[in-house]
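Here is a quick tour for anyone meeting this protein for the first time. Have a look at the fold, then read on.

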Amino acid sequence: MSSVSINKEDIKTIMKSDQTIVKQTTAAKPAATRPGVLALKSRAFFEWMLPPVSGLLLLLAVWTLISHQSPNLPGPASTWHAATALFSDPFYVNDPNDQGIGWNILASLQRVALGFGLAALVGIPLGFVIGRFQFISRMAAPVIGILRPVSPLAWLPIGLLVFKAADPAAIWVIFISAIWPMIINTAVGVSKVPQDYMNVARVLNLSEWKIVTKILFPFVLPYMMTGVRLSIGVAWLVIVAAEMLTGGVGIGFWVWDEWNNLNVEHIIIAIFVVGIVGLLLEVALTSIAQRFSYE
């Protein structure tokens, strides 16, 4: 029977070598399993892109199914070919009532800009006044409560009667429809300013202009921008309906004219154009609100 003698130095050497092997194995595992930067970015991109693409594909599938059930409704393929031909020359002019879709979109945007701008000039200061003074708030409440639910197109005959022309009547309809969200949201924002802020302003004996610019405006800005975003959506929605009745150049009149010509593909194209332009206006105002956020 033979025996093997191992001294203490040999045992320490073996233990150190084993610990080194374990450390190297442990350190090597994350490097082998760690995903690359490109893989992470690709995964984040697909996670961001997949839901909207899936929604659009679902919309196209439902549209295709309905078009097969209803022969009079064009499908996505025929509408795409019509859109390609339509946008190949969007700024043609044959006569005042026969212009490209580009000119019609620009004409509608011009009316929306005028009506919306006037609504902002009147509605935002009026919202500050209503929210600032309790007496004026109570005085304006029944007026807003009665006029705000009125359908926008109900104001069109009043505009035609007063202005004697279709173009200012359409701008009037945009103005009266877009003003309410700005008034209400601005007034609500002013009414929610903490009373401690107003007490400090009273102690410092600040002027009304200082109170508005230094206290109210920074606090009310998110509420005000919410009203602006709602108003631009209402304005773009209303102009299409108003132009169907007033005529002239505009996306609403263009839709109605294409319906009279039984060109259903162009009507569907106009629906998508109206939706895309409205989305772009919403995104633009959202970016402006984030850019000028007081926090």
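Contact here means heavy atoms within 4.5 Å. With that in mind, take M224: leaving aside neighbours within four places in sequence, M224 is in contact with I124, F128, T186 and F217. This is a predicted model, in which local features need pLDDT of at least 70, side-chain atom pairs count only at pLDDT 80 or more, and totals for chains, interfaces and linings use all residues. Residues are numbered from 1 along each chain as its sequence is written, and side-chain values use heavy atoms, with hydrogens and water left out.

**The overall picture**

- The protein has 11 helices and two strands; both are DSSP runs numbered from the N terminus, with helices being H or I of at least four residues and strands E of at least two.
- Reading from the N terminus on, the elements go α-α-α-β-β-α-α-α-α-α-α-α-α.
- Out of 295 residues, 32% are buried (buried is under 20% relative accessible area, exposed is over 50%, and partly exposed is in between, with a 1.4 Å probe and protein chains only).
- Take the contacts between residues at least 6 apart in sequence: 68% of them join residues at least 24 apart.

**Helix 9 against helix 10**

- Two packed helices are described by the angle between their axes and the distance between the axes.
- Helix 9 (residues 208-246) and helix 10 (residues 251-260) pack at about 50°, and their axes are 6 Å apart. The axes are lines fitted to C-alpha atoms, for helices over the stretch in contact, and the angles run from 0 to 180 degrees between N-to-C directions.
- That angle makes helix 9 oblique to helix 10 (under 35 degrees is roughly parallel, over 145 roughly antiparallel, 65 to 115 roughly perpendicular, and the rest oblique).
- Helix 9 passes helix 10 in a right-handed crossing, where right-handed means the near helix is turned clockwise from the far one by less than a right angle, and left-handed means anticlockwise.
- Who meets whom? On the helix 9 side there are W236, V240, E243 and M244, and on the helix 10 side I251, G252, F253, V255 and W256.
- By class, the residues of this contact of helix 9 with helix 10 are seven nonpolar, one polar and one charged (Ala, Val, Leu, Ile, Met, Phe, Trp, Tyr, Cys and Pro count as nonpolar, Asp, Glu, Lys and Arg as charged, and the others, Gly among them, as polar).

**Helix 4 and its partners**

- Helix 4 (residues 101-132) packs on helix 11 (residues 264-291) at about 45°, with the axes 12 Å apart. That makes helix 4 oblique to helix 11.
- The crossing of helix 4 past helix 11 is right-handed.
- I101, I105 and L109 in helix 4 meet V273, V277 and L281 in helix 11. This contact of helix 4 with helix 11 has six nonpolar residues, no polar and no charged.
- Helix 4 and helix 10 cross at roughly 135°, and their axes come within 7 Å. That makes helix 4 oblique to helix 10.
- Here I101, N104, I105 and S108 in helix 4 meet I251, G252 and W254 in helix 10. The class count for helix 4 with helix 10 is four nonpolar, three polar and no charged residues.

**Residues inside the helices**

- M224 lies in helix 9 and is buried, at 7% relative accessible area.
- The C-alpha atoms of M224 and G189 are 7.3 Å apart, although 35 residues separate them along the chain.
- N185 sits in helix 7 (residues 166-191) and counts as buried at 18% relative accessibility.
- Beyond its neighbours within four places in sequence, N185 is in contact with Y223, T226, G227 and L230.
- A241, also in helix 9, is partly exposed at 25%. From C-alpha to C-alpha, A241 and A170 are 9.4 Å apart in space, and they are 71 residues apart in sequence.

**Two loop residues with positive phi**

- Most residues other than glycine have a negative phi.
- N205 has a positive phi near 60°; N205 is in the loop between helix 8 (195-203) and helix 9, and is exposed at 68% relative accessible area.
- L262 also has a positive phi, near 60°; L262 is in the loop between helix 10 and helix 11 and counts as exposed at 64%.
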